[in-house]
Structures are given as C-alpha cells and as structure tokens.
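Subject: Structure handover and findings

Hello,

Here is the structure you will be taking over. My notes on what was found in it follow below.

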Amino acid sequence: MIEQAQVAADILKEMKELAAKIRLLVNGMPPEELLGYIYAQLLMMSNNTTSPELDTEVPSEERNEVQFLLEYVHAVLASDVAPDDVEFDETKCSELFALSRSLREKAMLFAMVSSANTDNKDFGSDTADIEFHAKSSWVMLRGNRYQVLEGEFYQYVLAQHDDILKDIYGVGSVDIAEGFQQLANTTRTGQANAIEEVLKQFEAAKRFATEKGKQIEEVMEEWVEANAQQTKRAGLAVDDMLRGGITNVSRHTKLPSEFLADLAYQRGEEVDFFSDGDYSGTPYLPEKNL
C-alpha cells in the first residue's frame, strides 16, 4: 500500500510538471494562430475536408485528444495575462500535442493507482472500482456531447429563468439556446463552410479573370476593389480556417455582449487553476473544470 501511494504521488508530480510545460508553451504563442492550428488538425484527421460534418468523421480517440488539449489551452488563456512577446511555432505546437497526450495518459494511470490505494470504504469492496470510474470519467468524458441537440437542451434548462434573463440581458431562453446551438454548429461545421466559401470566391475570381482575358494574378487587385463584400467574406472564411475564427462567439452568434462578458474569462482572470496545491494545473484539481 505504501509503495502504491508513492507511485500515485510520483504520477501526480509528473502531471503537474507536464501541465507547467503546457502552460509555458501556450503562453508563448498567439492564441488565434494556436487555436487555428489545433482545429486544423481535425481537418487533417478527416477523410473529407469539404464535408459539412467534419467533426463526426474524425475518429473518436483523436477527437478526444484535440478536445482535451483545447480545454487546457482555454485554461491557460484564462489563467494568465497575455505576454508581450509571442511567436507561432509549429514545432512547439507538435510538442504541445505530445505533452497533452502524455498528461491525459498520466491522468488515467493516476486514476487506476490512486483508486486501488484508496482509504475510502463507503462502498465496501466496490469502492476502488467506483472511484476509478468516477475519476476516469472526469478525465475522459468532458467535452463529449451530441452537439446537434445543444439548443434543445439549453432551451429546456433555461426556460424557468426566462423572465430574469430578459430583464438582465434583454434576451430569453429561446434566443440564448439558439445562440448556443449556433456556436455548436460553427465548431462542428465551420471549417467545412469556410473552405466552401473560399473555393466559391476563388472560382468567381477566376471567371472574372477569364472575362478580362487575363491571368488571375493580374486582376486580383481589380477583383478585390470591385467585390468588397465577397472579399470580406473570403477573409472571414480564412480566419475561420486558419486562425480559430470558428470560436469567435460574438461573430457567429447574436448573443448580447453583456451576456457573453458574464460567461467568459478575461485573460488572467481565473486565479485558482494554477495556484499552489497538490493538484495544481492537473485534471483532478478539486471543484475545478477545465
């Protein structure tokens, strides 16, 4: 038992060290480019990058790894003030994926070892097994849900608070639920929609060049000047594809800014996740959810 307790303590220490390395790497890169790179991995994992259902085509284990890393990226961004000097580095992004994968594996190993060594006897001989399932579920299941029904769920849950929501934010449960569904749809299909938009604008530019009897490179400046709205849409699509634009809630939903401000963390506003303690920065930080 003493040996198992020491193994659990060693694994916990390793988790904290991995989390600290992840924190350092995340803070060293611009958030938009980092988020764009991580979401782009879903495109790389998909068999069909033009499908409107990209997320469903990615193998579940790979999707879970991306989700786990995204949770840590958001935890770091909420916990630390933005540094002045940041630079995107694809090599460091690859290292970030490896560290996140290792942390997830260590968390599962910790679930096994610490549960087997538990002093809790609330459920008799089944206590260790129940504790393991609780801990492993906490690590593995967060972020997994059926996004198509996001709006339906929130409309049902928030309906009883409709009057208060309208009084404070000017929108009720139906509008808020619709906003959450829009966000879920964008993170699920936004990249595919962005690719489709870019391809559409490129084809339009090619037709413009053909009509002028010139190469597309020769008419791009003229095309941009004559098609300001289309150019803007193409730019936003590129932002969705490469710079994490699909997570821009204020652009992809109609939710009021006051409501979003109350839901969101400012950079450095979350002060507990990496604070001193036995579980600092780990998936097991008590009463904290990434």
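Is N27 buried or exposed? N27 is buried, because its relative accessible area is 15% (buried means under 20% relative accessible area, exposed over 50%, partly exposed in between, with a 1.4 Å probe and protein chains only).

Please note that this is a predicted model, in which local features need pLDDT of at least 70 and side-chain atom pairs count only at pLDDT 80 or more, while totals for chains, interfaces and linings use all residues. Residues are numbered from 1 along each chain as its sequence is written, and side-chain values use heavy atoms, with hydrogens and water left out.

N27 belongs to helix α1, residues 2-27 (helices are DSSP runs of H or I, at least four residues, numbered from the N terminus). Leaving out residues up to four places away in sequence, N27 touches V76, D80, P83, V86 and R267 (contact means heavy atoms within 4.5 Å). With D80 there is a side-chain to side-chain polar contact at 2.8 Å (a pair of N or O atoms within 3.5 Å; within protein, one must be able to donate a hydrogen and the other to accept it, and residues adjacent in sequence count only if both atoms are side-chain atoms).

Aromatic rings

The whole structure holds 12 aromatic pairs (rings of Phe, Tyr and Trp, the last by its six-membered ring, with centres within 6.5 Å; planes under 30 degrees apart count as stacked, over 60 as edge-to-face and the rest as tilted). In one of them, F110 and Y284 have ring centres 5.1 Å apart and planes at 50°, so the pair is tilted. F110 is in helix α5 and Y284 in the segment after α13, so the pair ties together parts 174 residues apart in sequence. F110 is buried at 4% relative accessibility, and Y284 is buried at 10%. One aromatic cluster is formed by F153, Y154, Y169, F180 and F259.

Salt bridges

There are 13 salt bridges (a side-chain nitrogen of Lys or Arg within 4 Å of a carboxyl oxygen of Asp or Glu). R243 and E33 form one at 3.3 Å, N to O. This pair links distant parts of the chain, 210 residues apart: R243 is in the loop between α11 and α12, E33 in helix α2. R243 is partly exposed at 35% relative accessibility, as is E33 at 25%.

Regards

Key. Helices (H or I, at least four residues) and strands (E, at least two) are DSSP runs, numbered from the N terminus.
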